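Visitor: Can you walk me through this structure? I'm new to it.
Guide: Here it is.

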Amino acid sequence: MDVVVVGAGMVGAACAYFCAEAGLDVAVVDRGAVAGGTTSGGEGNILVSDKEPGAELDLALYSVRLWTELGERFGAESLELQHKGGVVVAQTPEAAAGLAKFAARQRENGIGATDVSAAELAELEPNLTREVSGGAYYPQDMQVQPMLAAAELLRQARRRGTTVHSGTEVLGFRQSGGRIAEVETSAGPIPARWVINAAGTWGGEISALAGAPVPVLPRRGFVLVTEPLPIVVRHKVYTADYVANVASGDEGLETSVVVEGTQAGTVLIGASRERVGFDRTFSLPVVRKLAAQAIGVFPFLADVSLLRSYLGFRPYCPDHLPVIGEDPRVPGLVHACGHEGAGIGLAAGTGKLIAQVVSGTTPDLDLGPFRPDRFAEEVA
Amino acid sequence: MPASPADLAVLGAGPAGLAAAAAASRAGANVVVIDGNSRVGGQYWRHRDGDTGRGHHHWSVLTGLRAAVPEFLGGHQVWHVERIGDGFAVHTSGGEVRCRALIVATGAYDRQLPFPGWTLPGVFTAGGAQALLKGHGVTAGRRIVVAGTGPFLLPVAAGLADAGAHVVGVFEAGSPRGFVRHPGALLANPGKLGEGAGYLRTLMRHRIPYRTRTTVAAAHGTESVSSATVATLDADWRVLRRREVECDAIAVGYGFTPQLEIPLQLGCATRLDADGSLVARADDQQRATVPGVYLAGEVCGVGGAPLSLVEGELAGLHAAWTTIGAAPDNARVGRLLRRRRANRAFAAALHDAHPVRPGWLTWLDGQTQLCRCEEVTVDRVRESIVDLGATDTRAVKLLARPGMGLCQGRVCGYATSCFVADACGRQPTEQDLLGVAARPIAQPVTLGELARD
């Protein structure tokens, strides 16, 4: 086997697909079902709007192009890919001024961001609260149904010869001649020239098993799902606070609401962020806060029923950048994890870059900022 | 919100909940009973205003229990129960109720198996047809076919016939001969047998045919049901012969699914029961695996009203013991435990005689909807397994959306789990059922209500 991908979530699926497309022999292993872990707990955001200029934004822009290509190749319907655009809302004059400044810097770095007035916001989102000071419109933002997108890319990889082994747990790795040689699994050993750690929130555990730990930690987020409605929210709509929270290192609970419709008619409301380990307990206070914030942005939601809620664990690294690239400590081990709440969006770019790494071609982007050994001092 | 918490909140005012509340209340505990229905009685004693109890079983038991229950909050839908310190906050459509201990007696609802045409108007669940009759005095149709499996079909058919409907037939997919294998369970429960014989006499009086190894395998009609395919089945429920029967309503039931939202929200452990249902685990004191939570009735295993009354009383006595220190009488507890054992043996014999056999999957065609809320067809579910690689119910739900609609899998969860397991070449597991049973929001609640903290 040329490549064994650990993790059948969105990032693992993208890695498998691009590796298979590059002509490599690929096996994907996951202890659970396809797309059942980190991927199943998110919303399917493909955003450039929330990124500050820097390495992550470059990766996001690269990914957006690839997602567009994937949508054209396999049909937007098969991924439930929607080029819906993002709308960021500022609810105070100060927030509006900050947002305008932020958008200006983003424009200089390749993002199509348009400043919009309160009146224009009402046209973009007729059901939005009128208590707004201004906002920004981001036509590049889009959305997929994450489980469907991961399963579809795995299906495309299988068509190119990839095998997918769900219900198969990785137990360890064997090295030979100073590089990775074999993955030990609950279904027996699989020889591998390259191992890709795409285990999402559990990427830290896999890296430790391989003897090259990277610090990937869980950040819990709740998502609320309403009853199905006609189209009442047209874009991905969030408040300017979201950007501040995404980049935050605070321990406590943060909520900054993101509201969006889905093809199924439900409205999704995220996003809380808490560092509570892998605690799956439902938290009513968090859900109440999200509901209140969503109503603050879309007042009609007060009369809409909540149908269900779910939670997921966003895999984050201390510097909030993903880990992408070969680990110099264990040659043959390649990381593709730690994408925090942006894993769906960044998956396409990550998969393609990983395929370039293992094929021995020069990656389209500089992987320096994402290198796995950047935490060496902290971990030690 | 009450200033001080109740000793005990009982969720559900059916036989189990009322028996629990009455026992705890008589022991001196301060008890509040909460139910989504505006009247006490649950499904078993569902009734109308001014109902005198005619046609109801053990009506005097209901009136006795009701008199012993001081506080009843009817019309309160519970959407979430939260642990607060040593007690609980019960969040309902009518506000929040605080309590020190909780008895969950939320009962069960009809277990449904899909078949071609099952989403046509005029196709009812057996329990739905029964509720329409008991609660509103309305028969589901004029020419009704009753089908499925289990003893519940008998009272449904008898009630409809007594109310003037023409019951075309009662078609029992199983072969209750299996019952003969449990003579002990039968002898210990003579009342139950008498009840069944009474219904059979009613069917005979109305000249209603009762056929075993037979069921409705398809419903036909354009706007609503106009006929049913009645199929003769082999032991695995594969169709041997079909015939078409004219009717304007079909009442179908394949047993019951316990309502487990609240026990699962609180983290109670579960198990697979003999009838293939997911149930919450309860010990000899009716305690769940989570401190302060007691279970009674169908939530800890489908067994009917007499068992529910016994479990309710046990739960009420022990909950009163832990909350206000009222020690129960040992002899009484011993008697209740013996009755529980006998009733459970009877329930197990019934489950054994009325298993759902896998051949029902062959009744489906590609266009049959497994999930009616989201209109998810058999083909779509199969595609999520074959093409997209799903290997369990949860993955199928996430990829093809069965169970994602308004009912949140209450209707289709069991059938989808069976379908997925069969397509993956195995039996449905506890995990499969858990994947469609956990609902952190047990009833839809508006975001406005949520936001009002």
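**Where the chains meet**

Guide: The contact draws 28 residues from chain B and 32 residues from chain A, two residues being in contact if their C-beta atoms, placed from the backbone, lie within 7 Å. This is a predicted model, where local features need pLDDT of at least 70 and side-chain atom pairs count only at pLDDT 80 or more, while totals for chains, interfaces and linings use all residues. Residues are numbered from 1 along each chain as its sequence is written, with chains lettered from A and ligands numbered from 1 in the order in which they are written.

Visitor: Which elements of chain B give two or more residues to the side that touches chain A?
Guide: β4 (78-84), α11 (393-400), β22 (445-446) and α14 (447-451) of chain B. Helices (H or I, at least four residues) and strands (E, at least two) are DSSP runs, numbered from the N terminus.

Visitor: What does β22(B) pair with?
Guide: Strand β17 (residues 305-316) of chain A, in the antiparallel sense, over 2 bridges; strands pair if DSSP finds at least two bridges between them. S305(A) sits opposite T446(B).

Visitor: New topic. How many helices and strands are in chain B?
Guide: Chain B has 14 helices and 22 strands.

Visitor: And how far does its C-alpha trace span?
Guide: The trace of chain B spans about 60 × 55 × 40 Å along its principal axes.

Visitor: How much of chain B is buried?
Guide: Of its 453 residues, 54% are buried, that is, with 20 or more other C-beta atoms (placed from the backbone) within 10 Å of their own.

Definitions and conventions:
Buried ≥ 20, exposed ≤ 12 C-beta atoms within 10 Å, placed from the backbone.
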